[in-house]
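This report describes a metal site and a ligand site. The sequence and structure come first.

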Amino acid sequence: MNKNIKSKMDILFKSLVVFLLLLTMTFFLSMQNHHLNIDDYRSSTLNQATVIRSNLEHEINTSLNLTLGLVVYIANNPDITDNEFAKIAQQIMQRTHLLRNVGLAKDNVISHMFPLEGNEKALGLRYLDTPSQREGVLRVINSKQTVIVGPIELVQGGLAFVSRIPVFLDEQQTDYWGIASIVMDAEVLYESAGLNKSKKFVDFALQAKDNMGISGHTFFGDASLFENTDNIILPISLSNNEWFLATRFNPEEIPYSTRTLLTFFVGLSISIIISVIVYFLLMTFKRIEYLAAYDTLTGLANRHLFVDHLQEAIGRYKRNNIKFSVLLLDLDHFKEVNDSLGHSMGDELLNAVAHRLQQISRNTDIVARLGGDEFIILQNDVAEFTDSARFAQKLLDEFKQVFILDKIQLHTSVSIGIVTCKVDTLTAELCMKYSDLALYKAKQSGRSAFKFHNEAMSLSLLHEIELTADIKTAIKEDQFHMVYQPQINLTNGTLMGLEALIRWEHPVKGRISPVDFIPTAEKRGLIADIGLWGLNEVCRQARLWLDEDIHFEKIALNISAQHIKAADFTRQILNALEKYQLSPGCLELELTESTFVDKFETIQTVMLNLGKKGVTFAIDDFGTGYSSLSHIKNLNVTYLKIDYIFVKDMLINDGDREIIKATIDMAKALDMITIAEGIEEQEQAELLTEMGCNIGQGYLFYHPMKAKDFAKIPWKQLNS
Ligand code: C2E
Ligand code: MG
Ligand code: MG
C-alpha cells in the first residue's frame with residue numbers, strides 16, 4: 001500500500017480509537033445517570049407499597065371496627081329487632097363505602113340482612129347445613145375470632161370478601177349468640193387501596209386467599225411475585241387475619257430520561273468534535289514531520305532523511321555485513337532546461353525524474369533529492385557490487401527514454417557516481433563525499449556515464465592530503481625556485497620579456513610540476529603564499545639583473561585568481577616593487593580567464609590601480625576559459641597569450657588556426673599585443689608571424705631556464 005495512504009489510515013485509526021474511547025465514557029456516564037434514575041423509581045416503589053398496605057389495613061379494619069359496634073349492641077340486646085338492625089347496619093354502611101351488605105345469623109341461621117333488597121333469598125339459610133358455608137363458619141365458632149374469607153364470586157355478581165365475627169353474649173365468650181357477617185366489595189377495596197391505578201414499572205400481588213397465611217393462594221396479581229425473594233413482601237395486619245403484599249419493581253421497563261439522553265447526545269457530540277480535532281492535529285504533526293524529512297517539490301526523502309537511512313545501512317553493514325551502495329545522480333545539462341524553458345518546466349522535469357527513479361528502484365531502496373538536479377539512491381541489500389553497476393546501467397538506459405512534459409519532448413541524461421561499502425571505517429559523511437568524487441569523474445568522462453569511487457579515487461584523495469602537507473613544508477623550507485622563459489619578438493627576434501615559471505624540487509619525491517601542485521595549492525588555500533613568494537623572488541631576481549646590467553625587459557609572473565582577490569594584493573605588489581626599487585614597468589601579471597568569473601569589479605579596481613602605476617597585465621591561456629570579449633574590453637590588459645593547445649596543432653588543424661587568427665585580429669582591434677605560447681617549430685613561428693602575432697614563447701626559442709643560465713646569454717647584442 002502507498003506509504004501516504006498507510007499513514008493516513010493510521011491517523012484515521014488513531015482518531016477512531018479516541019472516538020470509541022470517548023463514546024464508551026459517554027455511554028458509561030449515560031448509564032450511570034440512568035441507574036440513578038432507576039434508583040429513584042425503586043425508592044418510590046417502596047413508598048407506593050407501604051401506602052397500599054396501610055390503605056388496605058385502614059379500609060378493612062375500619063369496616064371490621066364498625067361492625068364490632070353492631071356486635072356489642074347484640075351482646076346487650078340479643079333480641080335485636082329488624083328495625084334496630086336496619087338502623088345500625090345503615091349507619092355502618094354510611095361510614096364505609098366498602099360494604100355491600102351486613103348480615104346476622106342467630107344460631108347460625110341467617111336472620112337479618114341489610115339491605116334486604118336482592119338478599120331476601122339468603123334469609124333463613126342455615127350455615128351448618130350449607131356445604132359452602134359450613135367450614136368457614138365452623139372456623140369462626142372454633143377460633144372465636146373474626147375470619148375473613150374470599151375473595152369469592154357473589155351470586156349477584158362481583159368479587160367480595162366476607163368477614164365473619166362471632167357474637168358472644170358474655171365476656172368469657174361462652175354464651176355464643178351467632179355470627180355477624182359483612183360482605184366487602186373487592187373491587188372497591190382494590191380501588192381505594194390504590195391497587196387498580198395504573199402503575200408504571202411496578203406490579204403488585206396479594207395473598208392469602210381465605211386467610212390461609214403466606215402459603216395461601218394469591219388472589220390479586222401475579223402469584224410468581226411471591227416466588228422471587230428480591231421482591232418486597234409486606235405483611236398486612238387485619239384484626240387477627242394476615243395478608244401479604246408482594247411488590248415487584250421492573251427497572252427494564254423504565255425508559256431513558258431526557259437527562260440521560262441529553263448526557264448521551266452531548267457526550268456523542270463532544271466525542272466527535274474531539275476526535276476530529278485529534279485527526280487534524282495528527283495530520284498537522286504529520287505534515288510538520290513530512291516537511292522536515294521530505295523534499296517538498298518531488299516528495300522524495302531529503303538529505304536529512306537520506307543520511308539517517310544511510311547511517312542505518314552503515315550500521316547493518318558493520319554488524320551483519322549486509323552490503324549497500326550509494327548512487328549519486330546529477331542531471332546532465334539541467335541548467336539549460338531551466339534557462340531555456342523556464343523554472344516551472346524545470347520543476348516538472350525534476351518531478352518526472354523523481355517518479356522515474358522511484359519506478360526503477362526497489363521498495364527497499366531509498367531515493368532522495370539532495371537539491372537542485374542532484375538525486376541520490378541508497379541501494380540496500382546488495383549481493384555483489386556488479387549489481388550496482390547493472391542498476392546504474394539500467395538507470396542510464398531508462399533516462400534515454402524521452403520525458404514528455406506538457407507535450408514537449410525533453411531528452412536528458414544522468415551522470416552517476418557510485419560508492420560501495422568496502423571501507424570498514426565508512427561514515428555517512430565520507431560516503432557522500434566519495435559519491436561526489438565519483439560523480440565528478442563520471443561527468444568528466446563525458447556524461448551519461450557511471451563511475452565507481454574505487455581505490456584509485458581514494459588514493460587521489462590521499463595524494464591530495466599528502467601534497468597539501470608537502471606544499472606547506474615547501475613554503476616553510478624554501479623548496480621552490482623560479483625558471484625563466486624568454487619571450488621573443490616574432491618580427492625581429494629581439495627579447496621582449498620573460499615568463500617566470502615556478503619549480504619545486506621535493507627533497508624525496510624529486511621534481512613536482514606546477515601543473516600538479518598549483519591546483520591543489522589553490523584548492524587548499526595555499527596559493528596566495530606561493531604567489532607572494534614568487535613575487536618577491538621575481539623582484540629580487542630583477543634587482544640582481546638590473547644591478548648586473550643584464551637586459552631582461554620585463555618579467556611576467558603567473559597570478560592565481562584567489563591571490564589577486566586577496567585584500568592586500570595591491571599592497572603586496574607595490575611593497576615588493578618598492579623593496580627592490582623596481583619600476584612597475586618591469587612587472588607583468590598573467591591572469592587566466594577563470595579569474596574573472598566572480599568579483600569582477602574588485603579585480604577591475606586592482607588592475608586599474610596597478611595599471612596606473614605602470615604594471616602591465618596579460619590574459620594567459622586565452623581561448624580555453626569562458627571569459628567574454630566584453631569583459632576583457634573593460635580591463636586594462638596589454639597582452640593576450642594564445643594557449644599552447646591551439647599552437648600545438650595549428651599546422652594540421654584548420655579550426656585551431658582559425659581560432660588563432662580570430663584571436664589575433666580581435667586583440668589588434670582592442671589594441672592588445674599577442675603572445676603565442678608553446679612554439680616548438682619554425683613553421684609555427686612563421687605562420688604566426690604571418691597572421692600578425694607579435695611575440696612568441698616556446699621551446700623553439702628557449703626552454704624555461706635558471707636565472708644564471710639566462711644571464712649567460714648576450715641579450716644586449718641580440719637585441720641590437
Ligand atoms: P602557463 O602560464 O601557460 O605557462 C606556460 C607553460 O608552457 C609552462 O609550463 C611552460 O614550461 C610550458 N611551455 C613553454 N614552452 C613550451 C613549448 O614549446 N612546448 C610545451 N609543450 N610547453 C611549453 P609549466 O612551467 O609546467 O607551467 C604550467 C603552468 O603552471 C603555467 O602555465 C601556469 O599556469 C602555472 N604556473 C607556473 N608557474 C606559476 C607560478 O609561479 N604561479 C602560478 N600561479 N602559476 C604558475
Ligand atoms: Mg603563464
Ligand atoms: Mg599559458
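Strands (E, at least two residues) and helices (H or I, at least four) are DSSP runs, numbered from the N terminus. Strand E18 gives the most to the shell around ligand 1, with 4 residues. The model is predicted: local features need pLDDT of at least 70, side-chain atom pairs count only at pLDDT 80 or more, and totals for chains, interfaces and linings use all residues. Residues are numbered from 1 along each chain as its sequence is written, chains are lettered from A and ligands numbered from 1 in the order in which they are written, and side-chain values use heavy atoms, with hydrogens and water left out.

Ligand 1 has 22 residues around it, each with a heavy atom within 4 Å. Its polar contacts (pairs of N or O atoms within 3.5 Å) include these:

| Residue | Part of residue | Distance to an oxygen atom of ligand 1 |
|---|---|---|
| Asp620 | side chain | 2.7 Å |
| Asp621 | side chain | 3.0 Å |
| Tyr699 | backbone | 2.8 Å |

The protein covers 83% of the 790 Å² of accessible area (Shrake-Rupley method, 1.4 Å probe) that ligand 1 has on its own.

The magnesium ion (ligand 3) is coordinated by Asp620, Asp621 and Glu677 at 1.9 to 2.5 Å; donors are N, O and S atoms within 2.8 Å of the metal (3.2 Å for Na, K and Ca), and water is not among the atoms, so sites may look incomplete. Asp621 lies in strand E22 (residues 616–622) and Glu677 in the loop between strand E24 (673–676) and helix H20 (682–691), so the pair ties together parts that are 56 residues apart in sequence. Asp620 also bridges to the magnesium ion (ligand 2), and the two ions lie 4.1 Å apart.

Note on methods: A polar contact is a pair of N or O atoms within 3.5 Å; within protein, one must be able to donate a hydrogen and the other to accept it, and residues adjacent in sequence count only if both atoms are side-chain atoms.
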